[in-house]
Amino acid sequence: MPAYEIYFRCGDCQREHTIHTKIHLNPGPDRKQSLAEFFVGRTMPPQASSLQGHRAFCLKTGRKFKLDNNEQILLVPPANRAPLPSQLPLIPDAT
Ligand SMILES: [Zn+2]
């Protein structure tokens, strides 16, 4: 099951920050989507709804927030993250 990294849209600096939490979703989105977008017309599983009220922190302004808006909570699939060097494909030897 893929682990989704959780980010939030920061109203203070208009950037996206991680909240250093992952949730497992199956099925989950194959691209970055907010909870509101992905679960439109669907029941939200407990691991997703429990993100509401989670504390978040703006690295730029130092302000602390409580997440209460599903539009602002983002699911980021593992493929959107930069691979570790050991996971990069091997380049075939030209000889
Ligand atoms: Zn911020």
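Why does Lys64 count as exposed?

## Lys64 and its surroundings

In this predicted model, Lys64 counts as exposed because 9 C-beta neighbours lie inside 10 Å, and a residue is classed as exposed when that count is 12 or fewer. Lys64 belongs to strand 5, which covers residues 64-66, and, once residues up to four places away in sequence are set aside, Lys64 touches Arg55 and Phe57.

## Confidence and overall layout

The protein chain has an average pLDDT of 88, and 85% of the residues score at least 70. Confidence is lowest in strand 5, where the mean is 91, and highest in helix 1, where the mean reaches 97.

Among the contacts with a separation of 6 or more, 59% are between residues 24 or more positions apart, while 12% of the 95 residues count as buried.

Four strands are arranged in an open sheet with the order 2-1-6-3, and their pairing is antiparallel. Strand 2 and strand 3 (33-34) stand at the edges with a single partner strand each, so one side of each lacks a neighbour in the sheet. In general terms, the strands of a sheet pair through backbone hydrogen bonds, in either a parallel or an antiparallel manner.

Strand 1 (residues 3-9) and strand 2 (residues 16-24) run antiparallel and are joined by six bridges, with Glu5 having Lys22 of strand 2 as its bridge partner. The hairpin formed by strand 1 and strand 2 has six residues between the strands, and in this hairpin Gln14 adopts a positive phi near 60°.

Strand 1 is also joined to strand 6 by four bridges, again in an antiparallel arrangement, and here the bridge partner of Ile6 is Leu75 in strand 6. Strand 6 (residues 73-76) is in turn connected to strand 3 by two bridges, the two strands running antiparallel, and Gln33 stands opposite Leu75.

## The nonpolar core

Which residues form the largest nonpolar core? This core has 11 residues, namely Tyr4, Ile6, Tyr7, Phe8, Leu35, Phe38, Ala48, Ala56, Ile73, Leu74 and Leu75. In soluble globular proteins, nonpolar side chains tend to be buried together.

Leu35, one of the core residues, is in contact with Met44, Ala48, Leu51, Asn70, Ile73 and Leu75 when its neighbours within four places in sequence are left aside. Among these contacts of Leu35, Ala48, Ile73 and Leu75 are themselves listed in the core.

Notes
Residues are numbered from 1 along each chain as its sequence is written. This is a predicted model: local features need pLDDT of at least 70, side-chain atom pairs count only at pLDDT 80 or more; totals for chains, interfaces and linings use all residues. Two strands pair if DSSP finds at least two bridges between them. A residue is buried if 20 or more other C-beta atoms lie within 10 Å of its own, exposed if 12 or fewer, and partly exposed in between; C-beta atoms are placed from the backbone. Two residues are in contact if their C-beta atoms, placed from the backbone, lie within 7 Å. A nonpolar core is a set of buried Ala, Val, Leu, Ile, Met, Phe, Trp, Tyr and Cys residues joined through C-beta atoms within 7 Å. pLDDT is the predictor's confidence in each residue, from 0 to 100.
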